Amino acid sequence: MAHGKSEPTRILILGGGYVGLYTALGLQRKLRSGEASVTVVDPQPHMTYQPFLPEAAAGAIEPRHVVVPLRRALKRCHVITARTTAIEHARKVVTIEAPDGHTEELGYDVLVVALGSVARLLPIPGLIDHGIAFKTIGEAIYLRNHVMSKLDEADSTLDPELRKRLLTFTFVGGGFAGIEALGELEDMARFATQYYKNVQPDDLRFVLVEAAGRVLPEVRESLGVYTVMQLEKRGIEVYLSTLAKSFEGGHVVLSDGTEFDSDTIVWTAGVKSNPVLAASDLPLTKQGRLRATAAMRVEGLSDAWTAGDCAAVPDLSRTEQDPTAICAPNAQNAVRQARLLARNIVTALRDGEPKDYFHKNIGSVASLGLHKGVGDVFNIKAKGFLAWAMHRAYHVKAMPTFNRKVRITLDWLTGGLFRREVISMGQINDPKAEFARVSKG
């Protein structure tokens, strides 16, 4: 794979999430001058650190601090803000669509596919119209303002049925994203009620719907049970082994016959591999993930690499028990894979032998709101304040760039001193409404 020609090897990274950013950071550190050029393509000009989205939504962290600007972090790389629409590895060409709608082809010598995952939608009536996803910083800001706006509306309405609907918040999906978003936003809304005359904490209704028989499959079952008990203690209704049947008109219908109206439906029921992969000539699994070797090469190819949520990387720590085991699509794997991936690409460029990714799961921690958490780390169970502190420590360590680590730590310190911000900026969700109203005279 070494280049006999004098021009540098063109490395193209598709995706600027965990894998894209960390791989590019590693490459710009390790590559010698003139050895290779690195181009990163992503629809967003920033990487979003998703484990901090719940805290950004709840006002514990300034939303801009949970994103890393790609151009600022990747000074020695070329960053293109565009969406990947097709991959033709046989021709070594990728088609991208720029924000203005024009498409162009990019050539490359070495490809890194780090397209991640997208929200997995199910054919549930009303989901598209009423559901709010929770994967981007825009969705986190929207959800925060949406929840606060519902409190404002409920405080000033005289209609008891409408009030009930406004103050009912439904979360579908009991994985990390759903549990943390629910825990943080319930905490924020409950805290905010002290500033409203006509909204009491008991007026709030939070509902969690999960199709499986337990929550947080990433931690041991007893901690999943503990989490449900903690949520129920806070008055949150938890429906396990229950499917959502319909959300039409904001009317929630569950498979056990439960029905209620809710103006807030948060959809965190799983992710699927980026659909762009289906428009490629690369080998895919039945689930739509890229087939990969343990060294994170795309199966059968020496000049294409992949990692993260879109890659089916064998999980060598479990292959003895299950030869088909692949690494779970989570942040811990994405960050660790990307760090090794950068080293492997440089090694391969210099005709060395890339290393296999071996992941020893250190465990998981989840926040359930301010000073509340649950964790399973190094086989030690952690609950309450300790688990919450571990959650914060782990994620601030994993947050890319020193700049962001410091800003997030300062957000927490000021939040501890002055308590959290509970301002509704609902206007952001429809910024031209007032302008349009005034224009009508």
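This report walks through aromatic pairs, helix packing and strand pairing in one predicted model.

Residue numbers start at 1 along each chain as its sequence is written, and side-chain values use heavy atoms, with hydrogens and water left out. As the model is predicted, local features need pLDDT of at least 70 and side-chain atom pairs count only at pLDDT 80 or more, while totals for chains, interfaces and linings use all residues.

**Aromatic rings**

Let's start with the rings. The structure holds 7 aromatic pairs; rings of Phe, Tyr and Trp (its six-membered ring) pair if their centres lie within 6.5 Å, and planes under 30 degrees apart count as stacked, over 60 as edge-to-face and the rest as tilted. Phe171 and Phe206 have ring centres 6.2 Å apart and planes at 25°, so they count as stacked. Phe171 belongs to strand β12 (residues 168-172) and Phe206 to strand β13 (residues 205-209), so this pair ties together parts 35 residues apart in sequence. Helices (H or I, at least four residues) and strands (E, at least two) are DSSP runs, numbered from the N terminus.

Tyr49 sits in the loop between β3 (46-48) and α2 (53-57) and counts as buried, with 1% relative accessibility. Setting aside neighbours within four places in sequence, Tyr49 is in contact (heavy atoms within 4.5 Å) with Tyr18, Val66, His395, Ala398, Met399 and Pro400.

There's a charge-on-ring arrangement too: the charged end of Arg205 sits over the ring of Phe260, 4.4 Å from the ring centre. To qualify, NZ of Lys or CZ of Arg must be within 6 Å of the ring centre and within 35 degrees of the ring normal.

**Helix packing**

Axes are lines fitted to C-alpha atoms, for helices over the stretch in contact, and angles run from 0 to 180 degrees between N-to-C directions.

| Helices | Axes come within | Crossing angle |
|---|---|---|
| α1 (residues 18-30) and α9 (residues 331-349) | 8 Å | roughly 30° |
| α5 (residues 137-156) and α7 (residues 176-192) | 11 Å | roughly 35° |

α1 passes α9 in a right-handed crossing, and the α5 and α7 crossing is right-handed. A crossing is left-handed if the near helix is turned anticlockwise from the far one by less than a right angle, and right-handed if clockwise. Between α5 and α7, the contact is made by Leu143, Arg144, Val147, Met148 and Leu151 of α5 and Leu185, Met188, Ala189 and Ala192 of α7.

**Strands**

Two strands pair if DSSP finds at least two bridges between them. β6 (residues 83-88) and β7 (residues 93-97) pair in the antiparallel sense over 5 bridges, with Ile87 partnered by Val94 of β7. Their hairpin has 4 residues between the strands, and Lys92 takes a positive phi near 55° there.

Further along, 3 strands form an open antiparallel sheet in the order β23-β24-β25. The edge strands, β23 (363-367) and β25 (380-383), each pair on one side only. The twist averages 10° from one strand to the next. β23 and β24 (residues 373-377) are joined by 5 bridges, and Val365 has Gly375 of β24 as its bridge partner.

Definitions and conventions. Buried means under 20% relative accessible area, exposed over 50%, partly exposed in between (1.4 Å probe, protein chains only).
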